[in-house]
Amino acid sequence: MAIRPTSQNSPLETENQGNHPSSAIPSVGIDGLSFYVPGQYLPLEELAKARDVDVGKFHTGLGQEKMAVLSPDEDIITLAAEAARPLLTDIDLSSLDAVILATESGVDQSKAGAIYIHGLLDLPSSCKAFEVKQACCSSTAALQMALATVTLKPTKRILVIASDVARYGILSAGEPTQGAGAVAIMVSANPRLIAMDPEDGSYTRDVMDFWRPNYRDEALVDGKYSIKIYLEALENAFQSYQNESGRSIDDLYRFCYHLPFTRMGEKAHSFLHKKFGAGKPETFKQIEDSGIYNRQIGNCYTAALYLAITSLLENEAEDLSGKRIGLFSYGSGCMGTFFSGKVQAGYRDHLLTHQHQALLASREPLSIESYERMYQHALPIDGEEFQNPQHARGKFRLAGIEAHRRIYTADGPDHIPSITASAAELVEA
Ligand code: CAA
């Protein structure tokens, strides 16, 4: 018999669990979601004009409008630390068991980026810090690791942060599907946003659809093949999920997919219904709100699915309390996981909706020339001392390099509406 934790269980309550040896399985899941993106973006109309492409291809064909562009003194560490800040203000830090960074834009071959984040956020030394990798779906592996740990230790919390910069290169086919961003996910027992179901289905196969060798800053991708493999992983992962959970498509009220570009969500949703929908066509209402933020930000790899979940919870007009959401995480190379969770009653009181919307609304558009200049900014690779110009609007900055060491500081201007203003102030503004 499958164990089905429910949100009503306190960590110390016992549920009737058949023959399961444990007597106290709490509900575990996502207690908080916070994202951060750079303060500037390239409008895709600008890119279309510069590349002599009909803008309909980007807006309709790919479903993208804006692409977040990193400033020279930002990287996945600063984005991740900014994303995590709002989730740390009202918790007892001694309850934090670990901070796990999921990324495919790592900054060091040995030292985990999570350690830099641990330092910037001044986390207690008892809190572990490490990094995980499997293209865009390591965030889901990290989430599942966190859920298992919190199930064993229900008084603990784990902070999972997905942070990435998607780079394919100027003039490449992938150029309009670039982007950058980080999502911080607080995992706890009795979560206030989504209680995760224990069942999942995964699919792993060694393929070369997208990869980035250590000597490159930009990913290599076989674009059309990567879409085919994404769908192959979806089909197989969903089949395993269905076998394990006994649930069908009809048991899922909304769907969030990994979104390298939002149109991919439509392709995935149609495909899933064609394969498993018993002749019933897909309803795009089931995915519409999950793409609103991704359309404005672009691909942020490991963070993309979690941005889609945040977008759904913050933008869907209907109260989703008690509804089950199907989730698909895809990492090229490849591994895909289909899983699900139930939205918790009162979830809206614990979202950062106004802060996130203010964060997006306060970004600056770039010209094509500024985008190309920023894109080409590179740090020295010989360890030479280097100072980055002040550009980032956040508190945390990659100030430069000294003797092969990355120097991070917490002395940025901190002009971030999501952190410096209260939700009430943002609503009034
Ligand atoms: N108006 C409306 N639509 C238009 C249009 C116009 N004027 N012109 C073209 N289109 C449509 C096309 O018909 C096409 O639609 P369909 O997909 O329904 O056929 C769509 O716009 C895209 O056009 P093309 O296929 O011609 O685009 P492309 O050859 O330039 O490549 C891409 C698109 C493969 C996604 C490319 O941008 C790319 O390689 N991106 C990076 C790889 C990627 O994102 N892969 C996704 C799966 S892998 C994954 O998910 C992991 C990850 O994060 C990378």
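At what angle do the axes of helix α1 (residues 44-51) and helix α11 (residues 368-376) cross? In this predicted model, local features need pLDDT of at least 70 and side-chain atom pairs count only at pLDDT 80 or more, whereas totals for chains, interfaces and linings use all residues. Residues are numbered from 1 along each chain as its sequence is written, and side-chain values use heavy atoms, without hydrogens and water.

The two axes (lines fitted to C-alpha atoms over the stretch in contact, with angles from 0 to 180 degrees between N-to-C directions) come within 10 Å and cross at roughly 90°. Helices α1 and α11 are therefore roughly perpendicular (65 to 115 degrees). Helices are DSSP runs of H or I with at least four residues, and strands are E runs of at least two, numbered from the N terminus. Contact (heavy atoms within 4.5 Å) involves E46, L47, A50 and R51 of α1 together with I368, Y371 and E372 of α11.

Beyond neighbours within four places in sequence, the contacts of F338 include L234, F238, Y241, L272 and F328.

P124 is located in the loop between α4 (113-120) and β5 (128-132). With 21% relative accessibility, P124 is classed as partly exposed (between buried, under 20%, and exposed, over 50%; 1.4 Å probe, protein chains only). Its C-alpha atom is separated by 6.9 Å from that of L93, 31 residues apart along the chain.

Methods:
Parallel < 35°, antiparallel > 145°, perpendicular 65-115°, else oblique.
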